[in-house]
Amino acid sequence: MLRVVISVLLLAIVATATGYYQIKQAMVAPLHLPEPQLVEVQSGTGFNQLCRQWQQKQWLDSCWRFQVLAKLDPTLTDLKAGLYQLNPGTALAAFRQISQGKEHQFSFTIIEGDNLRQVLSRLQRAPYIEKPLHWGDEFLGKPLDEQLEGRFFPDTYHYHGGDHAVQVLTRAYRKMEIELDQAWQQRSSSSPLNSADEALILASIIEKETGVAGERALIASVFVNRLNKGMRLQTDPTVIYGIGPEFDGNITRAHLREKTPYNTYRIDGLPPTPIAMPSKAALVAAVQPQQSDYYYFVAKGDGSHQFSKRLEDHNRAVRQYQLKSRNDS
């Protein structure tokens, strides 16, 4: 009888030791990936089913150890549907990542100075975004056209595979509302702007004219000085925006003479809408311009500008830098 008891105990010890060994092996077993892989887990996928899929791909040597491990830790079987980036490492880490719903995050960046057509075009090409938006589509009850130009804050926005484009744009739209309101609340008491919408329009022009970040407030001062004096803004980026997608990169005198709602050589004051997505710095510059006596500026060819107080000085600078640009080309 004693021998039987000892035999049973020995078998139990061996079985326990073997089980413990197998569990330890499962915990450190590698997921055989040569490089990171994007893996989609469909809704309703079970633990055993996923394990077999990975075994068929030769990412796992076998499944039974993980099935035992899942019995001991049932949270491993609570798989969340989604798109995951799995990295070389242990299979257990990959199962935990999926059971915890740690989906891969993609990113989409709205670039300072991009217009709405450019934003929509890149959004349509963004990976794993569902239901892309196009020019004229409805967004928050409004058409995606000039009326929503400039209304999406330049920043990087993260999303998960399968998210809709409207979700990304909504975050950018809400952020611009916040940033614009904050800038407007800090506006200079001498500002000629009558509303936050006008500040957004001016900021978009400043953004398009700025090649050197430190010049934003000075460029803003030129436009504000012109507005205060009743002078036309005469800024090329508004002309280009008015031409639209047909613009071929070459602005001509005919373009400057053409009467469009955006041609600030032909209209007084600000254009009817923004012409691009302005940065926070451009918003601040629009409402807090630097104090100056400048009414003119011309690009020097290196991203910076030559500022002038008088027209004759400006014309001299235009001849100097435009002729230099032509001679260098």
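**Exercise 1.** In this predicted model, determine which residues form one aromatic cluster, and then classify the pair F106 and Y159 by the geometry of their rings.

*Solution.* The aromatic cluster consists of F47, W54, W59, F66 and F95. Widening the view, a search of the whole structure returns 13 aromatic pairs. For F106 and Y159, the ring centres lie 5.5 Å apart and the planes meet at 20 degrees; since pairing requires centres within 6.5 Å and stacking requires planes under 30 degrees apart, the pair is stacked. In the chain these partners are 53 residues apart, F106 belonging to strand β5 (residues 105–109) and Y159 to strand β8 (residues 156–160), so that the pair links distant parts of the chain.

**Exercise 2.** Decide whether F106 is buried or exposed, and do likewise for Y159, buried or exposed.

*Solution.* The cut-off for a buried residue is a relative accessible area under 20%. F106, at 9% relative accessibility, therefore counts as buried, and Y159, with a relative accessible area of 2%, is buried as well. For the protein chain, 40% of the 329 residues count as buried.

**Exercise 3.** Describe the second largest pocket by its volume, its lining residues and the classes of those residues.

*Solution.* The second largest pocket holds about 410 Å³ of space. Its lining comprises 18 residues, with N115, I240, Y241, G244 and P245 lying nearest the centre. Two or more lining residues come from each of the elements α5 (116–125) and α9 (236–243), and α9 gives the most, namely four residues. Sorted by class, the lining has 10 nonpolar, five polar and three charged residues.

Terms used. Residues numbered from 1 in each chain as written. Predicted model: local features only at pLDDT ≥ 70, side-chain atom pairs only at ≥ 80, totals over all residues. Heavy atoms only, no water. 1 Å grid on protein atoms, 1.4 Å probe; cavity = no way out; pocket = protein on both sides within 12 Å on 5 of 7 lines; lining within 4 Å. Points joined across faces, edges and corners; volume = space filled by probe spheres on them. Nonpolar A, V, L, I, M, F, W, Y, C, P; charged D, E, K, R; others polar. Buried < 20%, exposed > 50% of the residue type's maximum accessible area, 1.4 Å probe, protein only. Phe/Tyr/Trp six-rings, centres within 6.5 Å; stacked < 30°, edge-to-face > 60°.
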